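Please keep the sequence and the structure in view while reading.

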Amino acid sequence: MDSSARGSPFLVHSGYMEKQGRIFKTWKRRDFTLYNNGRMVYKADANSDELLGELDVKFAAIESNGSSVSVKTEKRVLKLRCDSNLETQQWSGAMKRTSRQVSGELTEQGIFIELLWKING
């Protein structure tokens, strides 16, 4: 069943990461939000209402290495950096679980573990 049929999308993970530009390969700090339906959006900062971009990670290939994460979709490769290896693991894990959830592989227990990790983390 499609996650959109289960109700409104809910937040899975959020926080700051650095994003490498598409044309100019500079790194800029952005506020990212990942939802259970695979939609990931980013803004200049948490207080901004203007979305700078979004992508669908449902069918993306997620690769992590040290403090960096690559999100490969059909349309682009998004290169991200986190402040620590732990944050990289949290982000890449959340993206991978969201992708599996959309395809029906994540159970309610997996959602509970993610929420518990956020509460205790």
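## Salt bridges between strands

R81 is partly exposed, because its relative accessible area is 31%, where buried stands for under 20%, exposed for over 50% and partly exposed for values in between, computed with a 1.4 Å probe on protein chains only. The model is a predicted one, in which local features need pLDDT of at least 70 and side-chain atom pairs count only at pLDDT 80 or more, while totals for chains, interfaces and linings use all residues. Residues are numbered from 1 along each chain as its sequence is written, and side-chain values rest on heavy atoms, with hydrogens and water left out.

What does the side chain of R81 meet in a salt bridge? The partner is the side chain of E18, at 2.8 Å from N to O, a salt bridge being a side-chain nitrogen of Lys or Arg within 4 Å of a carboxyl oxygen of Asp or Glu. Because E18 belongs to strand 1 (residues 11-20) and R81 to strand 7 (residues 77-81), this pair ties together parts of the chain that are 63 residues apart in sequence; strands (E, at least two residues) and helices (H or I, at least four) are DSSP runs, numbered from the N terminus. E18, with a relative accessible area of 25%, is partly exposed. By the stated rule, the count of salt bridges comes to five.

## Further salt bridges

Another of these contacts joins the side chains of D83 and R29, with 3.5 Å from N to O. D83 sits in the loop between strand 7 and helix 1 (85-102), whereas R29 is part of strand 2 (residues 27-35), so the pair ties together parts 54 residues apart in sequence. D83 counts as exposed, with a relative accessible area of 53%, while R29 is partly exposed at 41%.

A salt bridge is also formed by the side chains of D56 and K58, at 3.4 Å from N to O. D56 is partly exposed, its relative accessible area being 37%, and K58 is likewise partly exposed, at 23%.

## The aromatic cluster

A pair of aromatic rings is described by the distance of the centres and the angle of the planes. The structure holds two aromatic pairs. In one of them, F32 and Y42 are tilted, with 5.1 Å centre to centre and 35° between the planes. Since F32 lies in strand 2 and Y42 in strand 3, the pair ties together parts that are 10 residues apart in sequence. Rings of Phe, Tyr and Trp (for Trp the six-membered ring) pair when their centres lie within 6.5 Å, with planes under 30 degrees apart called stacked, over 60 edge-to-face, and the rest tilted.

Is F32 buried or exposed? F32 is buried, with a relative accessible area of 0%, and Y42 also counts as buried, at 7%. F32 forms an edge-to-face pair with W91 as well, at 6.4 Å centre to centre and 75° between the planes. That pair links distant parts of the chain, as F32 is in strand 2 and W91 in helix 1, 59 residues apart. W91 is buried, as is F32, and F32, Y42 and W91 make up one aromatic cluster.

## A loop residue

A46 is found in the loop between strand 3 (39-43) and strand 4, and with 42% relative accessibility this residue counts as partly exposed. Leaving aside residues up to four places away in sequence, A46 touches Y16 and D31, contact meaning heavy atoms within 4.5 Å. The C-alpha atoms of A46 and T33, residues 13 apart along the chain, are separated by 9.6 Å.

## Pockets

The largest pocket has a volume of about 190 Å³. On a 1 Å grid over the protein atoms alone, where a 1.4 Å probe is fitted, a pocket is an open set of points with protein on both sides within 12 Å along at least five of seven lines, and lining residues have an atom within 4 Å of a point; the volume is the space filled by probe spheres set on the points, which are joined across faces, edges and corners. The lining includes D56 and K58, together with E54, L55, F59 and A60, and also K72, T73, E74, K75 and R76. Strand 4 (residues 51-56) supplies the largest share of this lining, three residues. By class, three lining residues are nonpolar, one is polar and seven are charged, where Ala, Val, Leu, Ile, Met, Phe, Trp, Tyr, Cys and Pro count as nonpolar, Asp, Glu, Lys and Arg as charged, and the others, Gly among them, as polar.

The second largest pocket has a volume of about 160 Å³. Y42 is one of its lining residues, along with K19, G21, R22, F24, T26, K28 and R30, and by class the lining has two nonpolar, two polar and four charged residues.
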